[in-house]
Amino acid sequence: MIAHQPIPVFHTLTDVFGSEEAALPHAKRWNDLAAQFEVRFGRKPTYIARAPGRVNLIGEHIDYALFGVLPAAVERDILIACGSRPTQSLSHHAEIPDTPGSVIAENLHPKYTRQVFAPAVKEPQEVSEQDAHAESWKLDINTKELRWESYVKAGYYGVLNHHFSGVENSPAHVDLLVTGSVPAGSGLSSSAAMVVASTLAFLAVNGKVGDSLEDNGGHKSLDKGGLVELAMKNEKRVGVNSGGMDQAASVMSDPSSALYIRFYPSLTASAVRLPTRAVFVIANSLVVADKALSAKRGYNLRVVETLVGARILAQAVGLPIAPVDRITYREVVGRFAGEQPGADMGADALEAAITRLEPRLDVLKPSVTDGVQLGVTMEEMVQMSGLAPDAFHEAYLSWVDIEATRFQLYKRAKHVLTEARRVLQFRRACVEVEAAASSDGSEAALIDSLGRLMNESQVSCAELFECSCPELDDLTRLARQAGAYGSRLTGAGWGGCTVSLVAEGKVTEFIQKVKETYPPYKNLEGTALSEAIFATKPGRGACGQYIYFALDLFCL
Ligand code: GLA
C-alpha cells in the first residue's frame, strides 16, 4: 500500500533519479541551490526537500466529494534547501525573533523577498478545550493577499502543532531557500507542491523524517499517507478548502504511471499505466488563476454547493443524516447502494450506483423564471436542506468564506456524478489499453475512448461546473482541431493549463499547430514556447521520478 510506505530519503542524486544519466540534467539546479544556500547562510544545507506539481488527467472538482481522481506527477517541482540555524548565530541578526523555531525564508526568484518569522506558543486563554492537545502554536498567515511565504508558513503550522507540544518541546531555528519550476496559478498545483515541500523541509530539519517508520526521537516518522493528510490540513490554512488530490499526487506518484487516488473509505493510491502510443501534452492558457484569491466566488463556493447538494439528495432518497453531518456525494452513492460503512463496493458497483442515482438529482433543480434557471437563493437552499438557519450556518458556512446570491446545486451535482463515472471509465480503458498493447487496432480504439472522455469532461467543467474560461475553451478546441484525441482543462480551472491526448509521433506537429492558432502563443519562441506547451509522459520518464525526498549529500 503506497500510503503506508515510508517517506524516501536519498543520499545521492543518482538514487533520487534512478540513474546517473537521468540525474545529470538536474544536477546543476540542485547544486546551484545548495551553493546559494551556503552563500546566503554561511554553511551547507542539511536537506533538500522536493515536491513535484501534478497534471490531472481526469476527475476535476470531485476529490472533495470523495470520488477517485486520476492525476500524475510532472517533472516540474519545488525544491527547498534547509538546515537548522545554530543558536549562537542568532545574536548577529537583530531582526530574528529570540523565540523558538524562528525561520529565515529566502527564494531564488528575486520577486519573492526574504521573510523572517517565528511561531508563538498560544497563551492558555487562546486554547479552546477541543484543540487543547492539537494546537499549541500560532503563526500568522496572511490569506487576504497573495504572499509566497504563506505557503511556507502553512507547511510549518501543521508540523509545529503535530510534533511540538510547547516551550519544553520546541522546534529548531530554520534557514531555508526555495526554488520552483512549477508556474504559479497554472493549474499544475504549485501551491500543493510548495506546501508539501515546506511540510517535508520542517519535518526533516527537526529530525522527523526517517528511512523507516520506526520510532524517531520519541515520534513515529510519518508515512506517505500521513504526509498527505498533514499537507492537506496545512494547505487549508491558506484559505482554500481543497480536496486531497494535489497533495496525494505530489507525495504518492509512481515514476512510470498515473495514480488512481481514492479518498473513500480511506486514502489509497494505485498505479495506472498510460497508453504507450499516445502522449499527454500540457498547454498553459497563460491566464493566471489564483484559487486562493478567488476562493469566495470560485473554489470554496463550489465546495459548499457540492456539500449542500449532497445533503439534499441524501434526504430525497431517504437516508437519515444528523444536522452536523456534512455528507459527501460519494457517501450518498454508497449508502444509497447499501454499501457497508468503511467498505468499498468496487468500481463496477460504484459506476452502476451512480447511474441509478443520477435521475434523482432533479430534486436539486431550481425553478425556471422566464425560461432561465437562475439557481436557488440562500433562503431556498436553507429550506431545501431541511435544517434550521442556525444549524445550516454552523454546518455549511461557519468554516468558510463564500460570496453568491444564487447557488447552482443541480448543475454542480450533475458534473460531480458524471465526472466520477468518467474517471472509472477512463481507468478501465487504461487497464484495457495495457492488456491490448499487442494489437494496434484495439489500442487505437481505446485511446479514442480516453480522448472522448476527456472532451466530455471539458464540456461538463465548462457548462455544469462553470470552472472553465474563454481562453481554456479556445485552447481545448484548438487542440482538438490540431489533432488531439481529447483535450480538457486540468486542475481547478478558471485559467491555468489544459491537458491534451496526442498520438505519439505527432507531438511536434501538434505543438506547431497550436502555436499558430492560439493567439497568446503567436510571438512565443524557444524556451518561452517550451515553457508554455510541452509533452509529459510518465511512462517515458517525462514526469517526476521520485516525488519528493530529503537529500543530505550533494553528489551524483
Ligand atoms: C485544485 C484543488 C484540488 C482539486 C482541483 C480540482 O487543484 O487543490 O483538490 O479539487 O482543484 O479538481
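In which loop is H61 found? H61 lies in the loop between β2 (47–58) and β3 (70–84), where strands (E, at least two residues) and helices (H or I, at least four) are DSSP runs numbered from the N terminus. The structure is a predicted model, in which local features need pLDDT of at least 70 and side-chain atom pairs count only at pLDDT 80 or more, whereas totals for chains, interfaces and linings use all residues. Residues are numbered from 1 along each chain as its sequence is written, and side-chain values use heavy atoms, with hydrogens and water left out.

Most residues other than glycine have a negative phi, and most peptide bonds are trans. H61, although not a glycine, has a positive phi of about 60°. The peptide bond from Y264 to P265 is cis, with omega near 0°, and P265 belongs to the loop between β11 (258–262) and β12 (268–272).

H61 also takes part in the surroundings of the ligand, being one of the closest of the 13 residues there, together with E60, D63, D246 and Y299; a residue is counted if one of its heavy atoms lies within 4 Å of the molecule. A polar side-chain atom of Y299 lies 2.5 Å from an oxygen atom of the ligand, while a backbone N or O atom of G243 lies 3.1 Å from a ligand oxygen atom and a backbone N or O atom of A492 lies 3.5 Å from one.

Y299 is also part of helix α7 (residues 299–316), which packs against helix α10 (residues 378–385) at an angle of about 40°, with the axes 9 Å apart; axes are lines fitted to C-alpha atoms, for helices over the stretch in contact, and angles run from 0 to 180 degrees between N-to-C directions. The two helices α7 and α10 are therefore oblique to each other, a class that holds angles left over once those under 35 degrees (roughly parallel), over 145 (roughly antiparallel) and 65 to 115 (roughly perpendicular) are set aside. Their contact (heavy atoms within 4.5 Å) joins V308, R311, I312 and Q315 of α7 to M381, M384 and S385 of α10.

The axes of α4 and helix α5 (residues 224–236) come within 9 Å and cross at roughly 115°. In this second contact, α4 residues including S191, V195 and L203 meet L227, L230, A231, N234 and E235 of α5.

Key: Polar contact = N/O pair within 3.5 Å; in protein donor to acceptor, adjacent residues only side chain to side chain.
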